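Dear colleague,

Please find below the structure for your records. My notes on what was found in it follow directly after.

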Amino acid sequence: MAISDFQKLFESLKGANKRRLEIANGIDIHSIEAASLAIKNEYVSVIITGNKEVFDHQCLLSGISSADFRILHCDSEEEALKKAVELIHRNEADLIMKGLVNSDKFLKVILDKQGGLINKGTLLSHITLVFNPVYGKSLLVSDVAIIPLPSFEQKVILTNYLIDIAHQLGSEIPKVAFIAATEQVLPGMIATVDAERL
């Protein structure tokens with residue numbers, strides 16, 4: 001059965017293997033609150049890299065127990081990012097999340113050719129999951145954040161990523177649409193040409 005709302009998505013996580021979530025420089029209140037909720041619902045265990053003093057202070061202000069987390073003290077944002085990537089490489093964490101750090105710095109560490117997390121020949125992408133109660137079905141959208149102008153080859157990879165995620169959400173035969181400014185195939189508008197080929 002396809003997952004059609006966030007409640008069903010969250011229910012599907014109950015009883016699943018608990019993942020180890022690592023938050024790079026996760027010392028801000030938003031990261032801490034989100035992680036605390038995920039811990040309470042038993043979706044994940046959480047490791048934080050960042051300044052322990054700032055983390056403890058934010059937990060105190062929000063009434064969240066810092067004992068619920070594993071905190072690895074880092075003196076700087078850069079150290080917190082590098083430590084987060086190391087944890088994935090050492091198989092001490094399964095998932096990495098961006099905390100209080102600019103996206104460009106986060107991506108630079110992840111995409112680093114020497115010590116990053118992306119294997120050669122793979123593509124880093126972004127997928128947004130949308131539940132529209134009027135439509136009544138889940139929508140997956142890609143790529144709205146990482147690749148502003150994907151090549152045709154990249155669009156093939158992105159489409160396969162979307163299909164894979166749709167399968168994981170319970171859609172056996174997902175419908176795929178390619179968005180362009182017009183539904184006509186116009187040679188001067190590459191998005192329409194690529195859509196027809198795809």
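I begin with two helices that touch: helix α4 (residues 77-89) and helix α5 (residues 103-111) pack at an angle of about 40°, and their axes lie 10 Å apart. Axes here are lines fitted to C-alpha atoms, for helices over the stretch in contact, and angles run from 0 to 180 degrees between N-to-C directions. Helices (H or I, at least four residues) and strands (E, at least two) are DSSP runs, numbered from the N terminus.

The model is predicted, so local features need pLDDT of at least 70 and side-chain atom pairs count only at pLDDT 80 or more, whereas totals for chains, interfaces and linings use all residues. Residues are numbered from 1 along each chain as its sequence is written, and side-chain values use heavy atoms, with hydrogens and water left out.

**Helix pairs**

Helices α4 and α5 are therefore oblique to each other; angles under 35 degrees count as roughly parallel, over 145 as roughly antiparallel, 65 to 115 as roughly perpendicular and the rest as oblique. The crossing of α4 past α5 is right-handed, a crossing being left-handed if the near helix is turned anticlockwise from the far one by less than a right angle, and right-handed if clockwise. On the α4 side, Glu77, Glu78, Leu81 and Val85 make the contact, and on the α5 side Lys105, Phe106 and Val109 do so; contact means heavy atoms within 4.5 Å. These residues divide into 4 nonpolar, no polar and 3 charged. For this count, Ala, Val, Leu, Ile, Met, Phe, Trp, Tyr, Cys and Pro are nonpolar, Asp, Glu, Lys and Arg are charged, and the others, Gly among them, are polar.

A second pair is formed by helix α2 (residues 29-40) and helix α3 (residues 52-62), whose axes come within 10 Å and cross at roughly 65°. The two helices are therefore roughly perpendicular to each other, and α2 passes α3 in a right-handed crossing. Ile29, Ile32 and Glu33 of α2 meet Phe55, Gln58, Cys59 and Ser62 of α3. This contact comprises 4 nonpolar, 2 polar and 1 charged residues.

Both ends of α3 deserve a note. At its start, a side-chain oxygen of asparagine 51 reaches to within 3.0 Å of the backbone nitrogen of glutamate 53. After α3 comes glycine 63, with a positive phi near 75°.

**The parallel sheet**

An open sheet is formed by 4 strands in the order β3-β2-β1-β4, with parallel pairing; two strands pair if DSSP finds at least two bridges between them. Strands β3 (70-73) and β4 (95-98) are the edges, each pairing on one side only. On average, neighbouring strands of this sheet are turned by 25° against each other, direction ignored. Within the sheet, strand β1 (residues 19-24) and strand β2 (residues 44-50) run parallel and are joined by 6 bridges. Isoleucine 23 has isoleucine 48 of β2 as its bridge partner. Helix α4 packs on the sheet, touching β1, β2, β3 and β4, and its direction makes about 145° with that of β2.

The loop between β1 and α2 contains asparagine 25. This asparagine 25 has a positive phi of about 55° although it is not a glycine.

**The hairpin and the loop after it**

Strand β5 (residues 128-131) and strand β6 (residues 138-141) pair in the antiparallel sense over 4 bridges. Leucine 129 is partnered by leucine 140 of β6, and phenylalanine 131 by serine 138 of β6. The hairpin has 6 residues between its strands, and glycine 136 takes a positive phi near 85° there.

A cis peptide bond, with omega about -10°, joins serine 142 and aspartate 143. Aspartate 143 lies in the loop between β6 and α6 (152-168).

**The whole protein**

The protein has 7 helices and 6 strands. From the N terminus on, these elements run α-β-α-β-α-β-α-β-α-β-β-α-α. The C-alpha trace spans about 60 × 40 × 30 Å along its principal axes.

With kind regards

How values were computed: Polar contact = N/O pair within 3.5 Å; in protein donor to acceptor, adjacent residues only side chain to side chain.
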